[in-house]
Amino acid sequence: MKKSFSLIELIIVIIIVGVLYSSINFTLSNTSLNQAVDKLIAHINYTRHLALKDNKMQYYPINNTLEETNRSKYWFKGWWQLRIGKNSNDYFYEIFSDSPDSSNIYDRKGNPVSEFAIDFYNGLYMAGNYVANSNKELNLSYYNIKVLKYNDVNLTMGNSIRIIFDNYGNCYTSEGSVGDGGDINPYDKDKRIPLMKISKITLCQDDNCENNLSICMSPKIGNAYLCK
């Protein structure tokens with residue numbers, strides 16, 4: 001009776017185990033990448049949904065404070081947007097409607113927390129940049145994202161990708177200058193830049209971006225979908 005493996009049988013077993021391990025590891029990695037892309041697509045489209053139902057136009061200030069005067073004058077800076085950024089460690093995104101502070105500044109990021117959208121499912125703030133009571137799934141390190149590209153250019157620290165929607169469903173990539181900036185026309189194409197061509201966001205789980213998936217956004221309306 002045969003009581004031990006031959007060298008050939010042992011090699012075959014090692015090869016099979018290696019193939020199975022590689023398959024499982026690839027599947028798990030690919031699953032988390034798909035989850036990241038699916039979540040971001042859903043949240044881009046959710047931002048558009050928020051904008052469609054929330055007309056930010058304010059004809060008159062509700063009081064005489066500088067904050068309310070500028071909220072009325074520059075109401076279009078409060079359109080809902082999804083901002084993707086990078087801090088020293090991670091890529092993250094946040095969904096918010098900007099508002100002026102008492103110094104007449106629109107800071108173009110979610111601050112204070114009252115500006116953030118609330119996650120319908122769990123009641124958490126839709127902010128991935130380490131805000132208290134926020135949804136950690138909006139921090140892309142949760143999905144092991146190592147590189148993020150916008151139209152094939154790496155997003156670096158201090159820069160942002162902005163996906164902004166008005167209440168008619170139009171998509172923009174800029175909300176104009178911080179504060180008033182003299183840009184009182186909400187449809188000035190030089191300052192509030194409309195999305196005029198298909199744009200692509202690529203998420204990578206390795207530094208060389210070999211394991212990646214991409215999201216495309218359609219012109220004008222910014223509809224998000226999986227693409228190559």
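Predicted model: local features only at pLDDT ≥ 70, side-chain atom pairs only at ≥ 80, totals over all residues.
Okay, so this protein has two helices and nine strands, where helices are DSSP runs of H or I with at least four residues, strands are E runs of at least two, and numbering starts at the N terminus. Residues are numbered from 1 along each chain as its sequence is written, and side-chain values use heavy atoms, with hydrogens and water left out.

Reading from the N terminus, the order of elements is α-α-β-β-β-β-β-β-β-β-β. The accessible surface, from Shrake-Rupley with a 1.4 Å probe and, for residues, only the protein chains shown as cover, is about 12800 Å², and carbon and sulfur atoms hold 56% of that.

Now the sheet. It's open, has five strands in the order β4-β3-β7-β8-β9, and the pairing is antiparallel; two strands pair if DSSP finds at least two bridges between them. At the edges sit β4 (153-154) and β9 (224-227), each pairing on one side only. Look at β3, residues 147-150, and β7, residues 199-204: four bridges join them. One detail there is that Val 147 has Cys 204 as its bridge partner in β7.

Next, what packs inside? A nonpolar core here is a set of buried Ala, Val, Leu, Ile, Met, Phe, Trp, Tyr and Cys residues joined through side-chain atoms within 4.5 Å. The largest one has 33 residues, and those touching the most other members are Leu 40, Ile 44, Ile 84, Leu 148, Ile 163, Ile 201 and Leu 203. At least two residues each come from α1 (7-53), β1 (80-86), β2 (91-97), β5 (160-165), β7 and β8 (212-217). The top contributor is α1, with eight residues. Zoom in on Ile 201 and, leaving out residues up to four places away in sequence, you'll find it touching a list that includes Leu 40, Ile 44, Lys 149, Tyr 150, Ser 214 and Met 217. There's also a second, separate core of seven residues, with Tyr 74, Trp 75, Tyr 106 and Ile 164 among them.

On to charges. Opposite charges on side chains can pair when the charged atoms come close. How many salt bridges does a search of the whole structure find? Four, taking a salt bridge as a side-chain nitrogen of Lys or Arg within 4 Å of a carboxyl oxygen of Asp or Glu. In one of them, Lys 39 meets Glu 137, with the closest N and O atoms 2.9 Å apart. Lys 39 is in helix α1 and Glu 137 is in the loop between β2 and β3, so this pair ties together parts 98 residues apart in sequence. Lys 39 counts as partly exposed, at 27% relative accessibility.

Then there's Asp 152 with Lys 200, at 3.8 Å between the closest N and O atoms. That pair links the loop between β3 and β4 to strand β7, 48 residues apart. Asp 152 is exposed, at 54% relative accessibility.

Terms used. Buried < 20%, exposed > 50% of the residue type's maximum accessible area, 1.4 Å probe, protein only. Contact = heavy atoms within 4.5 Å.
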